[in-house]
Amino acid sequence: MKHHDVIIIGAGAAGLMCAATAGYRGRDVLVLDHAKQAGRKILISGGGRCNFTNQVVEPNNFICANPHFVKSAIARYKSTDFIELVERHGVEYHERDHGQLFCNDSAKDIVRTLMTECEWAGVKIQLRTDILSIAQDDQGQYIVSTSKGEYRCQSLVVATGGLSMPKLGATPYGYQLAEQFGLKVLPTTAGLVPFTWHHEQKQRFEPLSGIAVPSTITAKNGTSFSEALLFTHRGLSGPAILQISNYWRAGEAISINLLPTQSARELLANATQKHPKQSLRNTLNQWLPKRLVEILFEETMLNKALNQLIHAEIDQLVTDIHQWQVVMNGTEGYRTAEVTLGGIDTDELSSKTMEAKQQKGLYFVGEVMDVSGWLGGFNFQWAWSSGYAAGEVV
Ligand code: FDA
């Protein structure tokens with residue numbers, strides 16, 4: 001049986017970062033992955049350009065049952081550290097809205113950076129390897145049985161990621177392993193995910209498919225995001241929806257402001273003063289897409305002249321524009337979700353090292369734990385920061 005100081009299961013973002021960090025410390029590191037390629041999620045991320053971090057990373061960019069958990073790791077390995085790393089590897093990048101950093105060329109640059117770091121740090125990466133079982137011997141060493149043989153290690157790092165995109169190799173193995181060693185796993189659901197319509201809503205709103213509008217969307221708990229809203233064949237998507245999906249619970253309404261930077265009441269009052277005979281339809285068409293106006297508001301109302309509208313109708317219009325209440329059927333689930341909410345309970349882990357408090361030598365890094373980031377490079381930053389934290393001590 002071959003012995004390694006550290007075995008990491010999962011050659012994704014967090015696993016590779018952890019491996020390189022530990023390797024540079026002189027640790028003998030083996031990374032095992034069942035996939036045929038390392039970093040597959042990185043390759044498809046950010047539309048193939050990988051939104052690898054964000055200029056400003058703060059604890060409130062993450063969702064975790066313990067909101068303090070992320071603080072230590074993101075303070076010790078910052079977005080500037082990762083930016084410095086990609087610059088050192090000659091990766092060209094650009095900034096988009098809200099401080100999001102993307103590769104100019106391809107997400108392959110990020111995988112190349114991590115693989116080069118691993119190579120320089122002497123890390124061995126073994127792909128196409130199925131993990132059959134993991135046990136602990138009398139000395140507390142971990143014995144990892146795989147389709148390619150048995151390995152023994154002192155530190156075992158679980159970097160198996162979340163459940164989103166099963167066709168890319170996502171599995172619940174990390175959760176099962178945590179439970180095997182007595183760690184609590186919080187229920188998981190799809191996050192950063194589009195919403196789907198109920199049947200009747202689909203019939204009404206499907207013609208809007210393809211329309212994008214600026215919006216502010218608010219979840220029941222008061223969290224809100226101001227970004228684009230996109231109507232799709234199946235439901236609602238776009239950055240605002242993906243962000244709010246992290247805060248949405250089944251059955252809850254979301255509140256959509258379709259005119260986030262202006263007051264519909266003031267606009268209507270001004271328009272009525274200037275063009276009292278203008279139809280409501282022609283007026284609304286100046287502020288909202290025509291197809292949306294036709295479907296959201298009743299024909300008889302749209303045909304009215306502005307000076308025919310009574311107070312109650314204006315109140316209703318203002319509410320419908322600024323606080324459109326929508327109860328969605330559900331989400332598209334793990335098939336299209338960018339992340340998994342929930343996972344290994346962070347109360348079980350040290351926020352400094354990511355080691356299980358009750359299980360010496362067992363570490364969890366990245367998305368497998370109950371930490372999910374906003375859209376905008378925060379999930380990769382968590383992978384880098386948590387991977388680094390464990391890599392420094394394993
Ligand atoms: P990750 O999923 O990267 O790696 C897990 C590894 O474990 C995989 O290589 C897998 O094969 C392996 N594995 C799983 N089960 C195993 C088993 N049983 N045996 C052996 N190996 C196993 N985030 C962001 O910040 N910016 C972005 O632009 C995007 N874009 C994006 C697009 C899409 C389409 C998705 C699905 C996700 C994103 N994300 C993102 C999220 C980001 O990809 C994600 O949070 C990180 O990849 C998580 O890194 P991990 O290393 O934890 O898991």
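**Notebook: strand pairs, domains and ligand shell**

**Entry 1. An antiparallel sheet**

I began with Phe195, which stands opposite Leu236 in β15. The model I am reading is a predicted one, in which local features need pLDDT of at least 70, side-chain atom pairs count only at pLDDT 80 or more, and totals for chains, interfaces and linings use all residues. I number residues from 1 along each chain as its sequence is written.

For strands and helices I take DSSP runs, numbered from the N terminus (helices: H or I, at least four residues; strands: E, at least two). I call two strands paired if DSSP finds at least two bridges between them. On that basis, strand β12 (residues 195-196) pairs with strand β15 (residues 235-237) over two bridges, in the antiparallel sense.

I then traced the sheet to which these strands belong: it is open, has seven strands in the order β17-β16-β13-β14-β15-β12-β18, and its pairing is antiparallel. Its edges are β17 (324-327) and β18 (330-331), each of which has a single partner strand, so one side of each is left without a neighbour in the sheet.

Further along the order, I looked up β13 (residues 212-218) and β16 (residues 253-257), which are antiparallel and share three bridges. Ile217 has Ile256 as its bridge partner in β16. β16 also runs antiparallel to β17, to which four bridges join it. Here Ala253 is the residue opposite Val327 in β17.

**Entry 2. Domains and record entries**

I next looked up the domain assignment, whose bounds come from an automatic or database source. It gives domain 1 as 2-190 + 340-391 and domain 2 as 194-331. Taken over C-alpha atoms, the centres of domain 1 and domain 2 are separated by 40 Å.

I define a contact between two residues by C-beta atoms, placed from the backbone, that lie within 7 Å. Six residues of domain 1 are in contact with five residues of domain 2. The side of domain 1 that touches domain 2 consists of five nonpolar residues, one polar and no charged. In this classing, Ala, Val, Leu, Ile, Met, Phe, Trp, Tyr, Cys and Pro are nonpolar, Asp, Glu, Lys and Arg are charged, and the others, Gly among them, are polar.

Over residues 4-392 I find 31% helix and 25% strand, with the end C-alpha atoms 16 Å apart. Over residues 190-339 the chain is 36% helix and 23% strand, and 6 Å lie between the end C-alpha atoms.

**Entry 3. The chain as a whole**

I count 14 helices and 21 strands in the protein chain. Its C-alpha atoms fill a box of roughly 85 × 40 × 35 Å along the principal axes. Of the contacts with a separation of 6 or more, 73% come from residues 24 or more positions apart.

**Entry 4. The ligand shell**

The ligand is surrounded by 36 residues, of which Gly10, Gly12, Ser45, Gly161 and Gly366 are the closest. By class, the shell has 16 nonpolar, 15 polar and five charged residues. I find at least two shell residues in each of α1 (13-24), α2 (40-44) and α14 (378-391). The most come from α14, which gives four.

**Entry 5. Individual residues**

For burial I count other C-beta atoms, placed from the backbone, within 10 Å of a residue's own: 20 or more is buried, 12 or fewer exposed, and in between partly exposed. By this count 44% of the 394 residues are buried.

I looked up two non-glycine residues with positive phi. His98 has phi near 55° and is found in the loop between β5 (93-96) and β6 (100-103). His98 counts as partly exposed because it has 16 C-beta neighbours inside 10 Å. Met354 has phi near 70° and lies in the loop between β19 (339-344) and β20 (362-364). Met354 counts as buried because it has 32 C-beta neighbours inside 10 Å.

Finally, I looked up Leu132, in strand β8 (residues 131-136). Leu132 is exposed, because 11 other C-beta atoms lie within 10 Å. Not counting residues up to four places away in sequence, Leu132 touches Ser145, Thr146 and Ser147. Leu132 and Ser145 are 13 residues apart in sequence, and their C-alpha atoms are 5.4 Å apart.

Definitions and conventions
A residue is near a molecule or strand if its C-beta atom, placed from the backbone, lies within 6 Å of it.
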